[in-house]
Amino acid sequence: MDGPPSHGRAFAYYTYGAASSLLQSLARDYPQLASLTTAQEAYGLRSAGTCTDSAGHQGPCLNHIIQISNRSANAAVLSARPQIYISGALHGDEQVGIVTALELCRWLLTRYATDDWVRRLVDTRMVLISPMTNAVGSATRRRDELGIDPNRDFPFDQSAGSCMQTVTARTVNEIYRAHLLQLVVTFHGGMQAIGYNWGAYPYWRGVPSRSPDDAAMRDVAAVMSRYAGSGRVNRAPYRYSTMNEIVYPVHGGMEDWGYAASWDTSHVTPCAPKANGGYAAEKTHYGRDAIRAVTILVETSDQKMPPASTLGGEEGVYGAGGPADGHVPRNMRLALASIDLLQPHIELAPSLPARPGEGCLRLEWQGWGAIKGG
């Protein structure tokens, strides 16, 4: 008698050690496509807390950052590629984003040789991913980093002594400072929604204010929602609106800081924290081009750690609505669409012969990375 049909590898939650081991193996197996570092190695940051590796040994919690892009091109080509940053979890108890970010890394690298879309994305974009942005919180499945909420720790509508206290926030700050990011996706949990700027109290006066890029952000959020679909975990795709309207306003949030710290300077205060050995003041003095990426909040699930049976599996990523769909395939599709949206791309088919009586050459083309085409 035949058993139940197989839907490929099922997604599951990761321990800190298993996640670290996966990232190390991917970087080792795909050296031309991936490079792995930590915030401690790359930026000289301290670590926060003690974590357990895959061998059961305890050591400092490291904030891993993986960069995915085909590095066979020359330096000029590499530096010109549009850049996206994806954060798996600022809040460590919100675990869907961690699994999504890790499985996205695996998907982009293991399918490079066989998946035309993946190969084009990896060949033409630079993708930066920190699956466990809050390393100690991810390991212990706690919201905070040693008692401090990382998503209230950014210098936007926040006091000087209450920002950049956490290694989590400093990691994000260093990534923004080191790269010319166009789009940022930050995964959270506790509801299902896509939020965009504004999300800070100065832009909430009983009704939400609209950012200068509101129409474009709404279009981007609509594409994310549509391509993500329902994941078979909700009756409809993600709702989307400003964070002030669909979530709630906060002080010191990453999203408004990441979008506006370089130009909306009236709400930015350079940080002077005492925690974790302090942090150099110049690290939160920003030039006009440093911190101004479209930064999108994705609230992935009503439960911060929904049942593993609802995470889905590999076959669900390109099988929206199918039996292997779930929270993780849904958000992997959202992430893939986000990477694609970084830059419009036209792909021409081989030239076709003109039809009898036609005086021009016939061309067929396909557009990518664009919301609307003519």
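Reader: Please look closely at tryptophan 198: between which two elements does the loop that holds it lie?

Author: Happy to. Tryptophan 198 lies in the loop that runs between β8 (191-196) and α8 (214-228); helices (H or I, at least four residues) and strands (E, at least two) are DSSP runs numbered from the N terminus. This is a predicted model, where local features need pLDDT of at least 70 and side-chain atom pairs count only at pLDDT 80 or more, while totals for chains, interfaces and linings use all residues. Residues are numbered from 1 along each chain as its sequence is written, and side-chain values use heavy atoms, without hydrogens or water.

α8 packs on α11 with the axes 8 Å apart and an angle of about 140 degrees; axes are lines fitted to C-alpha atoms, for helices over the stretch in contact, and angles run from 0 to 180 degrees between N-to-C directions. That makes α8 oblique to α11 (under 35 degrees counts as roughly parallel, over 145 as roughly antiparallel, 65 to 115 as roughly perpendicular, the rest as oblique). The crossing of α8 over α11 is right-handed, meaning that the near helix is turned clockwise from the far one by less than a right angle, with anticlockwise giving left-handed. From α8, Met224, Tyr227 and Ala228 meet Arg330, Arg333, Leu334, Ala337 and Ser338 of α11, where contact means heavy atoms within 4.5 Å. By class, five residues in this contact of α8 with α11 are nonpolar, one is polar and two are charged (Ala, Val, Leu, Ile, Met, Phe, Trp, Tyr, Cys and Pro are nonpolar, Asp, Glu, Lys and Arg charged, and the others, Gly among them, polar).

Glycine 229 belongs to the loop between α8 and β9 (239-242). With a relative accessibility of 13%, glycine 229 counts as buried (under 20% is buried, over 50% exposed, in between partly exposed, with a 1.4 Å probe and protein chains only). Beyond residues up to four places away in sequence, glycine 229 touches Pro237, Tyr238 and Arg330; Arg330 is also one of the α11 residues that meet α8. The C-alpha atom of glycine 229 is separated by 9.8 Å from that of aspartate 325, which is 96 residues apart from it along the chain.

α11 also leads us to α4. The axes of α4 (residues 96-110) and α11 (residues 327-340) come within 9 Å, crossing at roughly 60 degrees, and the two helices are therefore oblique to each other. α4 passes α11 in a right-handed crossing. On the α4 side Val96, Val99, Thr100, Glu103, Leu104, Trp107 and Leu108 take part, and they meet His327, Val328, Asn331, Met332, Ala335, Leu336 and Ile339 of α11. This contact has ten nonpolar, three polar and one charged residues.

α4 has another partner in α1 (residues 16-29), whose axis comes within 11 Å of it at a crossing of roughly 20 degrees. That makes α1 roughly parallel to α4. Here the crossing is left-handed. Ala19, Leu22, Leu23 and Leu26 of α1 meet Leu102, Cys105, Arg106, Leu109 and Thr110 of α4, and these divide into seven nonpolar, one polar and one charged.

The largest nonpolar core has 93 residues, and Ile68, Ile86, Tyr176 and Trp257 have the most contacts inside it; a core is a set of buried Ala, Val, Leu, Ile, Met, Phe, Trp, Tyr and Cys residues joined through side-chain atoms within 4.5 Å. α4 contributes ten residues, the largest share of this core. A second, separate core of six residues includes Ala193, Met243, Ile246 and Leu297. Setting aside residues up to four places away in sequence, tryptophan 257 touches Phe154, Pro155, Phe156, Val172, Asn173, Tyr176, Tyr286 and Ile291.

One last stop is the loop between α6 (135-140) and α7 (167-178), where arginine 141 is found. Arginine 141 has a positive phi of about 55 degrees without being a glycine, and is partly exposed at 35% relative accessible area. Leucine 146 sits in the loop between α6 and α7, has a positive phi of about 50 degrees although it is not a glycine, and is exposed at 57%.
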